[in-house]
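Please consider the structure shown below.

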Amino acid sequence: MGFRKKSKSPPVLSHEFVIQNHADMVSCVAMIVLLGLMFEVTAKYAIMFITVQYNVTQTLDTDAEDKPEPFSYYKYGPKDMATVFFYLLIAIILHALIQEYILDKINRRLHLSKTKHSKFNESGQLATFYSFSFIWGCSILTNEEFVTNPTFLWEGYPHIHMAFQVKFFYICQIAYWFHALPELYFQKVRKEDVPRQLYYICLYIFHITGAYVLNLHRLGLVLLVPHYLVELLFHASRLFYFSDENKQKGFTLWALLFVITRLLTLTVSVLTFGFGLSRTDNQGFSLAEGNFNVLTVRMTCLSAICLTQAWMMWKFINFQLKKWREQSQIQASKKKAVSPKSRPKNQNLYGSGGRKGTEARREKN
């Protein structure tokens, strides 16, 4: 019986030390920001990191007898970068908690290989985020009545005023996808998986930030919710597949909804940029007013969406072809493994004629 070797702690500030303790370090930074609320000198700076900025109060006249009701709306500005940074820290902490207390425990029971282990962690994190974002986005769409009135996507543009839930939703979305960049280092993602993950992380940051800055948050929200549903179904199906390889029915439903969502995204985008915004009265380009309703911006946005959808369809077709080839190879190998049944009835492992035939020939001789 050998002695168990004690695991040595890595040197301070080494790569391994940072990877093992990154959640604790980030928690300390977040606590410092929160402690800033306790002192009057630093409170005004700490609030800039924690709360949503650029509050605008407007009054809504209902009846002549009633008093006007105040409503709070929000704009965007440079201070939002501080808020995004703080919730980026929160996303790193939550990522570490989900990994340690949920995914790692499931991984120990499943005994997955290194490749499947990495994909399982990725799908587990993304499935949690997509489910939360999908529910949150559906509640916003229901409250804001975006779905019941499609013209709401372009009427009254520029949409410089956002409800609290809408702005906070975008702040959290941008913070989450920015947090995914350092997580590639913290989670020790394999080199061959880094380009693939970088592609979709950068695409999310580009499109969500673009919708936020160009005051297209209504369109962005309508397109994000069904997309998150499809991605949630894919990663949930992959989690079930890793637990039991016979569970593949979810991929069929995902493939159907994937194509429908791509068509829906293209239809809504063409309707908004090609017909809706081009026919509104407020045409022009003004940074002060937040108006970007010019032909160049509209065509650039529409081209970016169309190219992204085409790239996703290309990846989807290649994935389906690869899956079909693997299944055909498995079926071909199973057919080769089955032994042929074209042998004579009296033939067995002892050769033609069997043992009795051999003994009979010996007696004749």
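**The second largest pocket**

With eight residues, α1 gives the most to the lining of the second largest pocket. This is a predicted model, in which local features need pLDDT of at least 70 and side-chain atom pairs count only at pLDDT 80 or more, while totals for chains, interfaces and linings use all residues. Residues are numbered from 1 along each chain as its sequence is written, and side-chain values use heavy atoms, with hydrogens and water left out.

The helices that each supply at least two residues of this lining are α1 (15-35), α3 (80-110), α4 (114-144), α5 (164-186) and α6 (194-213); helices are DSSP runs (H or I, at least four residues), numbered from the N terminus. A pocket is an open set of points on a 1 Å grid over the protein atoms alone, where a 1.4 Å probe fits, with protein on both sides within 12 Å along at least five of seven lines; lining residues have an atom within 4 Å of a point. The second largest pocket holds about 820 Å³ of space, a volume being the space filled by probe spheres set on the points, which are joined across faces, edges and corners. Its lining comprises 36 residues, and H95, Q99, E183, F186 and Q187 lie nearest the centre. By class, 14 of the lining residues are nonpolar, 13 polar and nine charged (Ala, Val, Leu, Ile, Met, Phe, Trp, Tyr, Cys and Pro count as nonpolar, Asp, Glu, Lys and Arg as charged, and the others, Gly among them, as polar).

The structure holds 35 aromatic pairs (rings of Phe, Tyr and Trp, the last by its six-membered ring, with centres within 6.5 Å; planes under 30 degrees apart count as stacked, over 60 as edge-to-face and the rest as tilted). One of them joins Y185 to F186, a tilted pair at 5.8 Å centre to centre with 55° between the planes. F186 is buried at 14% relative accessibility, whereas Y185 is partly exposed at 36% (buried means under 20% relative accessible area, exposed over 50%, partly exposed in between, with a 1.4 Å probe and protein chains only). Ring pairs also link Y74, Y76, F86, Y87, F132, W136, F164, F168, F169, Y170 and Y212 into a cluster.

How many disulfides does a search of the whole structure find? The search finds zero, a disulfide being a pair of cysteine sulfur atoms within 2.5 Å. C138 is partly exposed at 27% relative accessible area, and C202 is partly exposed at 42% relative accessibility.
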